[in-house]
Amino acid sequence: MSYYLGLLQLIGVHTLLGLSAYVLMLTGQLSLGQAGFFAIGAYSAGILTVIFELPILPALLAGALIAAFFAFLVGFPALRVKGLMLVVATIAFSEFVRLFFFNLSWRVPRGDIHVGPDSTNGFREIRYFVANGWSAWEITTFVWIFVILVMAALWWMDRSRAGAVLRAVGEDELAAQSAGINLTAVKVTAMTAGGFIAGIGGALYAHTATYVDHLTFTVLLATFAISYPILGGLSSVFGTLVAVIFIQGVLVEGLRFLGDWRNIVFGLLIIAAMNLKPSGLFDARTTLLLRRSVGLGGRE
Amino acid sequence: MGDFWFEFVEITQTIGDGLFFGATYSLIGIGFTLIFGAMHKLNMTYAAASLAGAYVGLAAFTFVNAPALVVFLISALASGLIGLVVYVACFRFIPVNNHLAALMASIGALFFIDEIVVHTTDGSPLTFPAMFEYVMLEVGPWGLRGDLLFVLAVSVASTVGLLYVLYRSRLGLATRAVSQQDVAARLCGIDVHRTNATTFVLAGLLGGVAGAMTAAAVGVLSPLVTVPLTVKGLIVTVIGGLGSIPGAIVAGLLVGGLENVFLYFRGVNERDMYVLLLLFVFLVFRPHGIFGSAIDRD
Amino acid sequence: MSIKRLSAAALAGVVAAALVAFAPTASAASDRTVKIAGWGAKSGPLRSFGVNSEAVLKAAVQAINDAGGVKLGDGTMADMELDYHDSACNADQAISVARKVESQSEALIGIGPTCSGAAAAMYGIFQKTVDDDSDTGLQFPILTDTAIRPGLAKKSQWTFRNVPNEITMYDELFKWLREQYPDVSTIYGGTETDQAHSKLTFAIVIVPMAKKHGFEWVGGGIEGVTGAVREGYENVLEVSKSSNWLLADTNFSVQARAFKKSGADMMIVSSHPFTTCGMLKEMKRQRINPKVLVGLTSSSSAETLKGCADAAEGIYIPTGFAPITEAAAMVAAAAEANGGSADLHSAAAWENAHIIKQVVEATGVMAKPETLAEDRRKMRDGLEALVNVDGLLGEIGRVQDEGESIKPYVFVQARSGDWEVVHDPR
């Protein structure tokens, strides 16, 4: 059972990572910097529970707020750049964060050992959950409470005026601006919200994995972050969840029986999926079909 | 005075080495910029495909002991072919205005190509042939690597070749037409898909040269290089200005040279942070790149 | 359109197959086999770790079964059965496989995950202290091969390692070099700083051990480095002291010039094969010929010779494996037959399979589905109780409270494209 629960935790954490990129994508911003905010959340929350011995909840919220703060700061210069420029700028940001943690060594004595981030050697002993006797069930529930909260918040936002505003900016900035939408406010808010969500994800990740080092937060992780919403589609938050299950559940774990071929098939299936469903696995059509099949109706 | 002279030689040598090595970054940057210029899309597979081309060349070296020049040629051809396949698999059938899907498909292709390489070689580093590998030209107190000189010569030659194709042939005219005014080009009877495919092949050929030159400059080839080369290529593309070929050339040399200076003064742990800061400086103060390219940023 | 449909159907098929693979594979009546699970990097740039480890493990299991199998607690002879998984070099995947094997299989013990970084993360999800009910970590024994970063296994009492002990190896290497090269006095070197193994071994083991045996770092030594392990290690990596690089670096001109400028008699290149080759090639271009060249244990593999046999000529490396005994030569051949190669990392997998056999027989494991938890506990206790075991190069000592090994070793040197044993202190 612990395997499935562990997998559920991983899916939960990655859903948060994907949703953090989803929020930005709604406003038309493609960011490969989410791994950076994820790292900030992971290290900050880890430092708070390990070095300052805070309970998990305040540590997690603080980690998310710190990540959100940095996202807020990144939001302003990011306004100046679009498209590929933004992609590269955010890759650079996230690599910068990674290199910062690669250089960070902050060790304090605890009993007969030292704990804390230790540059290349990584940040070990983030064992808040197991050391406090949390069962795998409890950890999984804890993770999913946040996933559900974030998904619900985004889902609700999407139905409200805020969602329409975000999407308007994503569709056509000029038109949105002439309709009286404050681009700066919208984009910076989206960036900050994305940072906050990635921060929660990172904080949860560090505590479920018990160990992080700078190599956890490479461009590859940032790539996964944007992969989820693209693969899942931007029509709703569920797309991201579906994509995380598709990648982490099916491609990474489910295809283990393929042995050596698993990773080769991995790339091919992504190519196939994008050619067959360029607007995402969970695009508007699928949504409609699903709504119909569960009797919610819905118009063509 | 002696000390000063010694420092001076050290620093100039450091910059020189970096500039020469930067030629390989320039080539990768040109490839990214070319495809972006033509399609306004990001092809994440590019660096991986370039190195995969070099691996095909290496196979010729390993199995039939082909001479270095032939290896380079095969690398270029193979990478050109891979470019075509990537175009068909990741761009051709995906709606033109769907940038995200094409980007994602190219990420899938990146994983695929990288994993094929890893599976065939077990990820082991492999000797890559070079021309003039252990030749060291000595000019006073300075030394100049013969193989890097060759790399630079090949880079210049292939860039000139590329520019010739772009500005002096019908094919190039079509490519530029599509890149500047897609709809108008279509109305003039230019086959957009075919032109785009040609751009991918051209960029691929150049990428193969870049991959082979990078491998030859190190003397060893490993799949470890893919991601750093992708990131560096993107940085060079942006510093040079999107779509600007001369910009990519200068930016590649600039990044190569400065990287070595940062390494010399601040050590390897901080080196890449300064390169990233350099990029931030450009993004804030010269968002259009070194030559302020005419292409819109989006 | 029909092609589109067809590929959509194919996509759906693969997804369905993947989901089916999730269903717990309940092997109803276990026919009494000693199941073991291995995992390691079989994808990604470090794939050779997993390929080699799996090849050696397969050969070992085959050999054990050919010799009659393993004797269980009630006297039955059972075959050993191996299941090998790919966990890339990735913390998430290593953790996931550990959990999967622990909860979805009847494996008595796991051998993985080959990479030090992944191991450091994976060990964290295991129960730290046995019988501590407030600790909900996994209770499943692990006997790791390959992952060599110093001091990992004591993280949990369930995790054990059988990897060479670098402290002793470099201690003896420099002692021997002192005797061989009495006129060598100064040293200089560098490492890959983004890889914990190469960096730690360089700073806390290699440099102090060289100092201990009377070699002096050029420019008047390094402050704090006294010759004791770990002393002054932070100063070793100062920019003004050593000249370093990163795992995927391609340009080594600045570092090599610093090596040249140092004019040291002995030079140290502490990194993995790819950058070891890059650096050695650059040293060759700049015509740097130290009297002695010393490398990192991990580079004493076939990879280095595939990458740069010419530039590596003459480098000395201590290693825990060389085909110098009959058993070792046999393992090398068997690994090759299985599509891998036996080196200091993977050869340990052979020993691990045999250690497992020994522990099963000593603790009376029953290998029945209903005794699974009990059997795993017996394996753990048995591993902890081990004092020494037979290894390929001779007796392996166990550091019992740390879960680590002290393995016999030899010194090899690259000579015309081959590793030759130049000193055998056994």
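Predicted model: local features only at pLDDT ≥ 70, side-chain atom pairs only at ≥ 80, totals over all residues.

**Exercise 1.** Find how many residues of chain B and of chain A take part in their contact, and which element of chain B gives the most.

*Solution.* Start with the count: 37 residues come from chain B and 34 residues from chain A. Next, look for the elements on chain B's side: α3 (68-92), α4, α9 (226-240) and α11 each supply at least two residues. Among these, α4(B) gives the most, with 12 residues. Finally, sort the side of chain B that touches chain A by class: 29 nonpolar, four polar and four charged residues.

**Exercise 2.** Now turn to chain C and describe the side of chain B that touches it.

*Solution.* First, the count: 33 residues of chain B are in contact with 31 residues of chain C. Then the elements: those of chain B giving two or more residues include the helices α1 (2-39), α4 (99-121) and α8 (192-218), as well as the strands β1 (126-127) and β3 (142-145). Lastly, the classes: this side has 16 nonpolar, 12 polar and five charged residues.

**Exercise 3.** In the open sheet of chain C, work out the strand order and explain why one side of β13 and of β15 has no neighbour in the sheet.

*Solution.* Begin with the order, which is β13-β14-β15, with antiparallel pairing. β13 (388-391) and β15 (404-406) of chain C are at the edges with a single partner strand each, so one side of each lacks a neighbour in the sheet. Now zoom in: four bridges join β13(C) to β14 (residues 394-399) of chain C. For C:D390, the bridge partner in β14(C) is C:E395.

Terms used: Residues numbered from 1 in each chain as written. Chains lettered and ligands numbered in written order. Contact = placed C-beta atoms within 7 Å. Nonpolar A, V, L, I, M, F, W, Y, C, P; charged D, E, K, R; others polar. Pairing = 2+ DSSP bridges.
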